[in-house]
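Subject: Structure for your review

Hello,

Here is the structure I promised to pass on. Please open it first, then read my notes below.

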Amino acid sequence: MHQFKVLFCLICLIPVSLMVYAETEFKIITLQHQFADNLLPIIPPMVGADGTATGMQNQLILRASPDRMREI
């Protein structure tokens with residue numbers, strides 16, 4: 001019975017989590033003249049609280065709202 005309650009709670013949360021991701025865009029940006037490590041200190045404020053910014057080598061991996069993504 002406990003497993004059923006946990007599964008039911010997880011299923012109820014799915015639409016909420018999908019709505020959060022539906023409001024954001026995901027992009028991988030290949031950099032030509034910089035490494036991601038050089039830009040990552042300035043990107044997090046630009047993606048906002050609902051976004052994320054990571055990177056490796058010459059690629060930035062971003063998730064942000066469409067408006068913020070245009071700004072970036």
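Thr24 is buried, because its relative accessible area is 10% and the cut-off for buried is under 20%. This is a predicted model, so please read everything here as computed. Thr24 sits in the loop that joins helix 1 (2–22) to strand 1 (25–30). Leaving out residues up to four places away in sequence, Thr24 touches Asp50, Arg63, Ala64 and Ser65.

Now the overall layout. The chain has four helices and three strands. Read from the N terminus, the order of elements is α-β-α-α-β-β-α. The chain counts 72 residues, and 22% of them are buried. Of the contacts with a separation of 6 or more, 48% come from residues 24 or more positions apart.

Three strands form an open sheet in the order 1-3-2, and the pairing is antiparallel. Strand 1 and strand 2 (52–56) are at the edges with a single partner strand each, so one side of each has no neighbour in the sheet. On average, neighbouring strands here are turned by 15° against each other, direction ignored. Six bridges link strand 1 to strand 3 (residues 59–64), in the antiparallel sense. Within that sheet, Ile29 stands opposite Leu60 of strand 3.

One backbone angle deserves a look. Which residue has a positive phi although it is not a glycine? That is Gln57, with a phi of about 50°. For context, most residues other than glycine have a negative phi. Gln57 lies in the loop between strand 2 and strand 3. Is Gln57 buried or exposed? Gln57 is exposed, because its relative accessible area is 63% and the cut-off for exposed is over 50%.

On to charges. Side chains of opposite charge can pair when their charged atoms come close. How many salt bridges does the structure hold? The structure holds one. In it, the side chains of Arg70 and Asp67 meet at 2.2 Å, N to O. Both Arg70 and Asp67 belong to helix 4 (residues 66–71). They are three residues apart there, about one turn of the helix.

Last, confidence. The mean pLDDT of the chain is 76, and 69% of the residues score at least 70. Which elements have the lowest and the highest mean pLDDT? Helix 1 has the lowest, at 48, and strand 3 has the highest, at 91. Two stretches stay under 50 in pLDDT: residues 4–11 and residues 16–20. For residues 4–11, the model has zero contacts beyond four places in sequence. For residues 16–20, the model likewise has zero contacts beyond four places in sequence.

Over to you. Send any questions my way.

Best regards

Definitions and conventions. Residues are numbered from 1 along each chain as its sequence is written. This is a predicted model: local features need pLDDT of at least 70, side-chain atom pairs count only at pLDDT 80 or more; totals for chains, interfaces and linings use all residues. Side-chain values use heavy atoms; hydrogens and water are left out. Helices (H or I, at least four residues) and strands (E, at least two) are DSSP runs, numbered from the N terminus. Buried means under 20% relative accessible area, exposed over 50%, partly exposed in between (1.4 Å probe, protein chains only). Contact means heavy atoms within 4.5 Å. Two strands pair if DSSP finds at least two bridges between them. Axes are lines fitted to C-alpha atoms, for helices over the stretch in contact, and angles run from 0 to 180 degrees between N-to-C directions. A salt bridge is a side-chain nitrogen of Lys or Arg within 4 Å of a carboxyl oxygen of Asp or Glu. pLDDT is the predictor's confidence in each residue, from 0 to 100.
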